Amino acid sequence: MRPNEPLGSSTRMRRADRWYLLGLCTFAVVAFHPAWREPQFANISLFGWLMAALMVLSPMAALALFLRERRGSRRGHEVGSQ
Amino acid sequence: MSIELGLVIAYLAICIAVGVIASRRVLTSGDDYWVAGRRIGTVVNATAIMATLASGGSLIGVMGLTYKQGIPATLALFAGAVIGFPLASILVARPLRNFGRYTIADFLGYRYPHTLVRWLVPVLIIVSFTAYIVAQMKAAGITANVLLGIPYETALTLSAIVFILYVSVGGMVAVTWTDVVQGALMLAVVIGTATVMIVDAGSAPKLLAAATEAAPELGRVADKPVSGYLGSFVIWATAIPVIPHIVMRVFAARDAHGARLSLNLAMVAYAVIVLAAVFIVAPAGKMAFPDLEDADAVFLRLMQSEFGPVTRGIAVAAVMAAVMSTTDALLLACSSAIAHDLVRGAWGRELSGRQQSWVSIGSTWLIGGVALYWAFSPPALITQFYTAAIGLLSASLFVPTIAGFWWRRANLAGGVAALTTGALVYLVLALGLPSATISPILIALPASAVAMWIGGRFGRADDASHLTAVEALHHD
């Protein structure tokens with residue numbers, strides 16, 4: 001690599017992680033829109049419910065992605081060792 | 001009172017004993033003292049991470065905030081913390097763990113090797129964390145005052161001495177062992193309390209409906225601008241990936257994989273505690289005590305009125321556990337900022353393992369003493385107070401850290417610019433000069449990013465070998 005060449009292209013985030021981050025950001029942007037502030041469900045602002053949903057869905061999705069990545073890399077090791 | 005006091009004294013004595021036992025192992029090895037020899041298993045680390053983050057603010061403060069500002073605004077803040085974990089898992093866990101040192105200051109000093117970085121990062125950590133410790137000490141003080149009848153100042157002093165003691169002598173090993181117990185205790189008390197409240201009310205929806213009928217403000221978004229609670233959300237989302245006491249847990253994991261899984265599991269446990277507190281316990285407290293002067297006391301008042309002495313004693317221990325499990329990590333991070341980052345990293349003094357341990361012990365007592373002095377005149381709402389303190393770290397460290405790992409053009413000029421710009425802008429706005437209607441983090445973070453971009457675009461590119469080494473951190 002020449003001295004002024006930027007960091008190599010191999011530093012790439014996994015596609016699934018990129019989609020996850022994009023989904024997270026999109027959800028957060030939508031949730032913070034003022035339109036959700038006044039309407040309520042069960043006496044609680046829809047904004048509150050969206051935040052609660054974020055707290056439930058984001059850990060579940062993150063774990064699912066992580067376990068999928070782990071299964072994929074294990075299969076890769078098994079194939080490589082055959 | 002005697003049963004509660006006895007339970008709490010027994011619990012605190014165990015913590016000190018753990019510190020003393022751990023000290024035999026850790027006082028000669030930096031690796032053992034700071035990162036528990038990098039041998040912490042995934043589930044243990046996950047519990048410890050959850051306990052580290054779930055502080056007095058997550059137990060006492062989350063309910064106080066819900067009581068005062070309602071469910072939606074409270075969830076906005078804590079949702080930020082929850083999503084901070086996957087951000088940390090995806091953005092920093094692997095490369096940081098592969099970097100294999102002790103602190104975030106180590107990484108930033110390596111990535112942007114400049115004297116300003118080596119001095120400024122530890123100073124920012126010490127300032128922010130001391131404020132964070134003050135808030136935790138208040139939680140311990142009011143808990144002992146309300147549930148044990150001990151004067152606030154006495155409770156403050158005694159609890160501070162206990163956790164300074166076991167942290168200073170036991171390091172990360174003691175912190176981890178006690179965190180596991182503390183995490184389990186917190187989960188048990190919050191879920192147990194929520195269960196009792198639900199059974200009393202008949203069901204969770206019935207409890208929530210009754211509470212929001214009696215106090216409609218519980219369900220409304222607090223009367224503050226969007227930027228107020230958006231700012232809290234952004235602070236915590238961007239703090240978790242760079243906040244030193246969580247980062248040290250990444251370094252303590254056995255490997256990158258373990259670090260990532262620990263963060264994910266911790267997030268699940270943390271979300272459970274917060275949701276149970278916000279949707280069940282705090283509303284029950286609001287119904288039972290609608291006119292509390294100190295909102296942070298709602299959980300304690302509930303404990304006092306609803307449960308017998310043994311349960312109250314366990315609850316006090318759980319709150320102490322929440323406070324201690326975070327404060328111990330904060331103290332350790334502060335002492336590492338002094339002993340490892342400043343003395344060794346910035347000043348360049350080489351110390352033997354034992355010398356460094358003694359400097360660490362002294363630093364812990366110094367920071368703890370300063371925080372204790374400050375805590376005698378505590379802030380009003382603890383969660384808001386320490387969120388503002390953590391905002392300083394988010395504003396200054398997030399962009400240079402993430403860009404340092406992921407942006408191809410991140411360079412020394414950009415890193416230094418981002419660090420200083422984020423810190424300065426945040427401080428100026430947070431101190432109210434000029435007064436801003438928008439949350440300081442929402443200006444400081446973009447300002448830091450712009451500074452990074454300008455430096456990266458127009459500054460000299462980093463050495464190819466340096467960039468190659470950074471790139472290699474992404475691969476196991």
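Which residues have the most contacts inside the largest nonpolar core? Hello everyone, let's start there. They are A:Met51, B:Phe129, B:Trp236 and B:Tyr270, and the core has 181 residues. A nonpolar core here is a set of buried Ala, Val, Leu, Ile, Met, Phe, Trp, Tyr and Cys residues joined through side-chain atoms within 4.5 Å; buried means under 20% relative accessible area, with a 1.4 Å probe and protein chains only.

A quick word on the source: this is a predicted model, where local features need pLDDT of at least 70, side-chain atom pairs count only at pLDDT 80 or more, and totals for chains, interfaces and linings use all residues. Residues are numbered from 1 along each chain as its sequence is written, chains are lettered from A and ligands numbered from 1 in the order written, and side-chain values use heavy atoms, without hydrogens and water.

Back to A:Met51. Leaving aside neighbours within four places in sequence, A:Met51 is in contact with residues of both chains, including A:Phe32, B:Leu75 and B:Phe233; contact means heavy atoms within 4.5 Å.

Now the two chains together. In chain B, 52 residues are in contact with 41 residues of chain A. The chains bury about 3900 Å² between them, 72% of it on carbon and sulfur atoms; that is accessible area (1.4 Å probe) lost on being put together, summed over both. On the chain B side, B:Ile90, B:Arg408 and B:Glu471 lose the most area to chain A, together 17% of what that side buries.

Last stop, B:Val278. B:Val278 counts as buried because its relative accessibility is 0%. Among the residues B:Val278 touches, beyond four places away in sequence, are B:Val62, B:Ile71 and B:Leu75.

Key. Buried means under 20% relative accessible area, exposed over 50%, partly exposed in between (1.4 Å probe, protein chains only). Buried area is the accessible area (1.4 Å probe) that two parts lose on being put together, summed over both.
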